[in-house]
Structure formats: C-alpha cells, structure tokens
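Hi there,

Here is the structure I promised to pass on. Please have a look at it first, and then read on for what turned up.

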Amino acid sequence: MSHYQGDDAEYMADEYEMEDVDDDMDEEFRATEMGSDSDVDEYDYPNNKVADMSAADARNGKDIQGIPWERLSVTREKYRERRLEQYKNYENIPHSGEVSRKDCKITKKGGLYYEFRRNSRSVKSTILHFQLRNLVWATTKHDVYLMSHFSVTHWSSLSCSKSDVLDVSGHVAPTEKHPGSLLEGFTQTQVSTLAVKGNLLVAGGFQGELICKHLDRPGVSFCSRTTYDDNAITNAVEIYDSPSGAVHFTASNNDCGVRDFDMEKYQLSKHFRFPWPVNHTSLSPDGKLLTIVGDNPAGMLVNSSTGKTVASLSGHRDFSFASAWHPDGVTFATGNQDKTCRIWDTRNLSESVAVLKGNLGAIRSIRFTSDGQYMAMAEPADFVHVYDVKNGYEKEQEIDFFGEISGVSFSPDTEALYIGVWDRTYGSLLEYGRCRNYSYLDSFV
C-alpha cells in the first residue's frame with residue numbers, strides 16, 4: 001500500500017473533501033453550519049446537539065444526510081453527475097479501472113434489501129489512511145464500534161448515545177501482564193485499522209502497533225509491535241475462533257508479513273512472509289485457507305497452517321485492499337483499485353466466476369451477511385452496493401450518498417447494516433435495517 005509522502009499525500013487531501021468538486025457549493029454548505037431559519041438545519045440549537053435524520057424524515061422527502069439541496073445552487077442530480085465525472089480514483093497501475101471495465105457483469109439495480117433507518121450525525125466516523133477503510137464494526141444490531149479521531153467509540157442505536165472505549169491520543173499501556181506484551185505501551189497511536197468481534201477489540205497502527213482490549217474488562221489486555229521496519233503499517237486485522245475454541249486474530253502488514261496471534265495464550269502463533277505488502281487477509285469458515293491480497297494484481301490462496309500457496313488468483317488489474325469469505329466456505333470475494341470486486345469459487349480458481357463494478361473508485365471493503373444471502377461492497381466514497389448473493393449477484397441495491405466511506409458492517413444477526421461516512425460537514429454513521437415482511441413490528445425495533 002502507499003505511504004504518506006509525495007503525490008499520495010496530496011491525493012489524500014484531494015480525495016477526502018466532497019465539497020472541493022464545486023467551490024460555490026462548498027460556500028453554501030459552510031453557510032448551513034452557521035444556522036438559518038430552515039427546518040433542515042444541521043444543528044438543533046435549543047438542545048445544542050447535531051440533528052440526526054430518521055426514516056420518518058426520509059419518508060417526508062428530506063435528504064438522508066440532511067443536505068439542504070433546496071437552498072443550494074445545484075441539484076442533487078447535477079452534483080452527482082459532477083462527482084462521477086470528477087472524482088479521482090487512486091491507482092497504483094495507471095488506467096486499471098478502464099481496462100477492467102470490459103470484464104464486468106451487468107447487474108440489475110433497484111433491489112431493496114436494507115432500508116434506511118437513521119443517519120446519526122452526532123457520531124463522527126474518521127479515517128487516517130485513504131486506502132484503509134475497515135474502521136466500522138457492529139457486534140449486535142444496536143452496538144457499533146468505530147474510529148472517531150483518536151478514540152475508538154461505541155455507538156448505541158437504541159439510546160442514540162456514544163462513549164469512548166479506547167483513547168489512543170495519549171499513552172496507552174497494558175494493565176495485564178502477559179509474556180511478550182510491551183508493558184511500556186504506546187504513545188499517540190495512529191490507528192490504521194480496527195476489528196471488533198464479541199468482546200475483543202484489536203486496533204492496528206501506522207508503526208506496526210497492535211492494541212488488544214476486552215470490552216468486558218477495564219484497561220488494555222495486550223500490546224505488541226509486529227515489526228520495527230520503516231514500512232510497518234498494520235493494514236488489516238481479522239478476529240476469528242480457532243477450531244479449539246480459542247480466539248485468534250490475524251494481522252496483515254506492509255512489511256509483507258501475516259501474523260496470527262492466540263488471544264488465549266497472548267502469543268504470536270504463526271508468521272508468514274510474502275513477496276509483497278499484504279493489504280488484507282481473510283480466513284475461510286473451516287479455518288483451512290487464507291485469502292491473501294496486497295500490492296500485486298494477483299492474489300493468493302494459501303494453506304493457513306503452513307502459509308504455502310494453494311492457488312494464484314489472476315484477473316485483477318491493480319492492487320487489492322479487501323477480501324471476504326462467503327459462509328458456505330466455497331466462494332470468496334476480493335476488492336481492487338481497478339474498481340472491481342471479483343467472486344471466486346474454490347472448485348475452479350482458473351478465473352473468477354463474476355466481476356462486479358463500482359461507480360467511481362476502488363472496492364475497499366467487502367462483507368457478507370452471516371446467512372450468506374447478501375454481500376456489501378464499499379467504494380472509497382459515495383456508494384455501497386448490496387448484492388443478492390443467492391440469486392447469482394444478478395440484482396443489487398445501490399446505496400447512494402456523499403462522503404468518504406470509513407467502513408461497512410452487517411450486524412451478526414444480519415438485521416442491520418452500518419456505514420461510516422467521513423466528511424468535515426456531513427460526517428456521520430448511516431444505519432439501515434433488513435427489509436422483512438413483518439413491518440408492523442417496526443414500532444418496537
């Protein structure tokens with residue numbers, strides 16, 4: 001993956017601001033922060049808090065992000081058109097998105113699998129590296145964890161309240177003693193990636209830091225630095241249960257390493273090295289295979305016990321930053337900067353079985369529902385696509401908004417989908433609920 005230097009740093013500044021596309025619009029957006037007589041103001045001044053948008057607001061015709069289009073000099077449709085034309089997709093291999101377009105499957109839009117419930121603008125979801133977007137995790141349909149500046153924040157959609165779970169702006173040190181744990185801890189950690197499952201939270205940092213916290217215990221349980229290389233950033237973390245029942249996590253690093261940690265023993269259990277920086281790793285449901293993607297157009301499927309290559313994954317045109325397994329353990333997906341997500345079948349890996357196309361940028365995050373019915377793929381900004389997996393990815397729901405995407409997460413029970421939106425003015429957490437046939441129960445949810 002790329003570093004914070006030279007052209008990449010300039011690119012980040014360009015990519016992150018949705019308003020930079022139109023300076024006139026930018027001025028009007030800023031004006032909304034100052035307050036007006038409109039009933040769609042950003043702030044609820046009597047209560048001194050940011051006004052969220054509800055499903056009822058959306059049904060009444062209001063924008064789900066609270067953007068006052070009626071007061072702006074451009075319509076939403078026109079701004080969307082400009083955004084699609086002018087958004088700069090980051091590529092390590094020039095023109096990869098153009099080349100990959102011919103491979104893509106034509107899908108039918110108009111699916112409605114998850115419906116809008118709430119846009120919580122009082123919780124700000126933030127990003128530190130423009131290529132890493134796994135910073136939102138739902139542990140139940142009402143509990144979400146995300147990065148908000150220098151804190152891991154818990155958001156409850158039931159009480160609409162937030163609380164800081166892990167503040168990394170200062171000094172963080174473990175309160176438990178385990179062999180190999182760095183008792184001195186870390187200072188001012190820049191969190192590049194996050195994973196939360198059950199009661200375990202793991203945050204990875206720009207200098208190879210790993211901070212492990214159990215949500216049901218005070219303090220931090222374990223701190224480790226994976227590497228002291230200059231190229232040390234932790235690109236992704238995945239938490240899983242081993243066949244023995246012990247909780248493990250896998251860390252993918254820019255030093256070309258993949259490391260497996262046993263959280264029962266608090267020990268590094270495996271360390272594999274690959275020919276290029278690893279941007280994302282995902283483990284098959286049976287625990288036997290690892291999908292490895294990174295700074296190479298071809299990914300790999302490797303044996304999780306030995307690290308030996310089982311198959312090469314050829315087809316992408318650029319570097320990959322996302323992967324995920326379907327619960328059936330047969331199919332998996334990879335996301336790439338060539339603007340595509342490829343679906344693979346382990347029974348025949350000579351080519352991907354489907355190529356799904358994004359609208360404006362790289363596919364930086366992929367998630368399957370636990371029942372295998374749906375798959376969400378997130379672009380760097382503006383679009384999350386939800387596909388009907390069991391009907392062959394023929395139809396999709398396109399969730400359309402404005403702002404950089406910090407992460408997407410289905411709740412374990414599949415009932416909720418959360419999307420983190422990073423933007424100076426309209427940063428928020430979008431909540432969608434699974435469409436069911438018993439809508440008469442909605443008043444109790």
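Before the first finding, one term: a cavity here is a set of grid points where a 1.4 Å probe fits but cannot get out, and a residue counts as lining when one of its atoms is within 4 Å of such a point. Please also keep in mind that this is a predicted model.

**The enclosed space**

The structure has one cavity of 30 Å³ or more, and the largest cavity has a volume of about 30 Å³. Which residues line the largest cavity? They are Val-293, Pro-297, Ala-298, Gly-299, Leu-313, His-316, Ser-320, Thr-334 and Trp-344. Strand S22, residues 296-303, gives the largest share of this lining, with three residues. By class, the lining of the largest cavity has five nonpolar and four polar residues, and no charged ones.

**The open space**

The largest pocket holds about 980 Å³ of space. It is lined by 37 residues, and those closest to its centre are Trp-137, Lys-197, Glu-238, Ile-239 and Phe-368. Several strands each supply at least two residues of the pocket lining, among them S6 (136-138), S12 (191-197), S20 (278-283) and S24 (320-325). The largest share, six residues, comes from S16, a strand that covers 234-241.

**Salt bridges**

Side chains of opposite charge can pair when their charged atoms come close.

Arg-434 and Asp-371 meet through their side chains in a salt bridge, at 2.8 Å from N to O. Arg-434 belongs to strand S33 (residues 428-434), while Asp-371 sits in the loop between strand S28 (365-368) and strand S29 (374-378), so this pair ties together parts that are 63 residues apart in sequence. Arg-434 is buried, because its relative accessible area is 8% and the limit for buried is under 20%. Asp-371 is partly exposed at 34%.

Arg-436 pairs with Glu-415, and their closest N and O atoms are 2.5 Å apart. Here Arg-436 lies in the segment after S33 and Glu-415 in the loop between strand S31 (395-410) and strand S32 (416-422), so the bridge ties together parts that are 21 residues apart in sequence. In this pair the Arg-436 side is partly exposed, with 34% relative accessibility, whereas Glu-415 is buried at 14%.

Asp-103 and Lys-102 also form a salt bridge, with 3.3 Å between the closest N and O atoms. Asp-103 is partly exposed at 26% relative accessibility, and Lys-102 is exposed at 64%.

There is a network too: Asp-63, Arg-76, Arg-80, Arg-83, Asp-382 and Asp-400 are linked by salt bridges.

**A loop residue to look at**

Where does Lys-390 lie? It is in the loop between strand S30 (381-388) and S31. Is Lys-390 buried or exposed? With a relative accessibility of 54%, Lys-390 counts as exposed. Setting aside neighbours within four places in sequence, Lys-390 is in contact with Asp-371, Gly-372 and Gln-373; Asp-371 is the salt-bridge partner of Arg-434 described above. The C-alpha atoms of Lys-390 and Met-375 are separated by 9.8 Å, and the two residues are 15 apart along the chain.

Notes
Residues are numbered from 1 along each chain as its sequence is written. This is a predicted model: local features need pLDDT of at least 70, side-chain atom pairs count only at pLDDT 80 or more; totals for chains, interfaces and linings use all residues. Side-chain values use heavy atoms; hydrogens and water are left out. A salt bridge is a side-chain nitrogen of Lys or Arg within 4 Å of a carboxyl oxygen of Asp or Glu. Buried means under 20% relative accessible area, exposed over 50%, partly exposed in between (1.4 Å probe, protein chains only). Helices (H or I, at least four residues) and strands (E, at least two) are DSSP runs, numbered from the N terminus. On a 1 Å grid over the protein atoms alone, a cavity is a set of points where a 1.4 Å probe fits but cannot get out, and a pocket is an open set with protein on both sides within 12 Å along at least five of seven lines; lining residues have an atom within 4 Å of a point. Grid points are joined across faces, edges and corners, and a volume is the space filled by probe spheres set on the points. Ala, Val, Leu, Ile, Met, Phe, Trp, Tyr, Cys and Pro count as nonpolar, Asp, Glu, Lys and Arg as charged, and the others, Gly among them, as polar. Contact means heavy atoms within 4.5 Å.
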